[in-house]
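Here is a short report to read alongside the model. Please keep the viewer open and follow the headings as you go.

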Amino acid sequence: MTVINKPAQRLSDLGVSTADQIPPLFAEVRARFDAESASAHDESSWKQFRDAWLGRKSGVLTLITDNWLKPSSPELKRVVGQELNQLRANVESQIESRRAAIEAGADQAALARERVDLSLPGVARPIGSHHLIRQVFQQIEDIFVSIGFSVVEGPEIETPYYNFEALNIPEYHPVRDDMDTFYLDLPKGAATPLLLRTHTSPMQIRTMEKRQPPVRVIVPGKVYRRDNPDATHSFIFHQVEGLAVDTDITFCDFTGTIEYFLKQFFGAGVKARFRPSYFPFTEPSVEFDVTCVFCGGSGTSAGGGTCSKCKGAGWIELFGAGMVDPAVYGFVKYDPKKVSGFAFGMGIDRLAMLKYGIDDIQVFFQNDVRFLRQFP
Ligand code: DAH
């Protein structure tokens, strides 16, 4: 007969009739309790253990109270009562300390599970890099800022006035054929048509409207044209405009500044030259060339044949420039008798292609990381 079953029976059924038989009976119960206590090692086995001993209806302590204590004769009752009180105190305190121990153990396990191992390698998050066009903008800005120019930016949506008229390009002028492009759909009755700027030159006007000479600015930005895409054309591309106006700027200041820029940008070994050209907003107008960066100006490729980049000329056409046409000063209320200056507008995509030997402008817009990663 097990200890657990003894409390289910009355003392008389257990053959207990004298007080001295009672302490050994409780000793048995206590031994059983200690054994069960050791096996309560997690939350669910602890709950079973607790209910088996303290359960109101059929817990061991309740059974002892009902079967041993209540029906006993007064002199047995005194001893049973004492023993039962001791047992209860012991059971309650041990069950509580098991609970605390199990909880602490669970905490330890959780701590061990969640511990961060600082010796593991970290998660590498690759850092991006600037697009090559952005890098070239930065190089150009650095060169001009170092000689006293400041950088300004302007709107990509322009009015015909700034994009054309104030640059001395009236409505009937044939150069508009190249550039009259990408007008916005506006509600009927809009005050003025709007277009995506075809060049950064409108910022010459906007700058001179706001500032009095001396003015020295460059304007990096995106421009838009009705061009079909091919290896050298894109309907979006990039320019840096330049404008310097003061009371005593000469043609020599102009060509010297451009030459300085070209040597800084391409390397001290290059030579620059200019040829006459035409732009409505400059007079005289020129086109700047640089010695071919691929054949060093010899016109001959490394293999001995004709250089395919400059087609044997030894020179590569770069960008347009000139002395600001006095007519333009009229639009911004500068006095053409007092001021003079120069302007230039270079295609950044083209400069980048020449400097880095890229033969297709489209790669700038395709965002292919195999291309982008070559320019970290
Ligand atoms: N705006 C011209 C174009 O996009 C380039 C240009 C030529 C700008 C001469 C200038 C300049 O400032 O002086 O074709």
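## A helix pair

Helix axes here are lines fitted to C-alpha atoms, for helices over the stretch in contact, and angles run from 0 to 180 degrees between N-to-C directions. Helices (H or I, at least four residues) and strands (E, at least two) are DSSP runs, numbered from the N terminus. This is a predicted model, in which local features need pLDDT of at least 70 and side-chain atom pairs count only at pLDDT 80 or more, while totals for chains, interfaces and linings use all residues. Residues are numbered from 1 along each chain as its sequence is written, and side-chain values use heavy atoms, with hydrogens and water left out.

With that in hand, take helix H1 (residues 22–39) and helix H2 (residues 43–54): their axes come within 9 Å and cross at roughly 160°. H1 and H2 are therefore roughly antiparallel to each other (angles under 35 degrees count as roughly parallel, over 145 as roughly antiparallel, 65 to 115 as roughly perpendicular and the rest as oblique). On the H1 side, the contact (heavy atoms within 4.5 Å) is made by Val-29, Arg-32, Phe-33, Glu-36, Ser-37 and Ser-39, and on the H2 side by Ser-45, Phe-49 and Trp-53.

## The nonpolar core

A nonpolar core is a set of buried Ala, Val, Leu, Ile, Met, Phe, Trp, Tyr and Cys residues joined through side-chain atoms within 4.5 Å; buried means under 20% relative accessible area, exposed over 50%, and partly exposed in between (1.4 Å probe, protein chains only). The largest such core has 45 residues, and those touching the most other members are Ile-140, Phe-261, Phe-266, Phe-344, Met-346, Leu-351 and Phe-364. Among the elements giving two or more residues to this core are helix H5 (132–145), strand S5 (236–246) and helix H9 (251–266). H5 gives the most, with seven residues.

Leaving aside residues up to four places away in sequence, Phe-266 touches Val-290, Val-293, Leu-318, Leu-351, Leu-354 and Lys-355.

## Backbone details worth a look

Two cis peptide bonds can be inspected. One joins Pro-213 and Pro-214, with omega about 0°, and Pro-214 lies in the loop between helix H8 (202–210) and strand S4 (215–224). Another runs from Glu-283 to Pro-284, with omega near -5°; Pro-284 is found in strand S7 (residues 282–291).

Phe-182 is not a glycine, yet has a positive phi of about 45°; this residue is partly exposed, at 37% relative accessibility. Lys-311, also not a glycine, has a positive phi of about 55° and is exposed, with a relative accessible area of 70%. Lys-311 sits in the loop between S7 and strand S8 (315–324).
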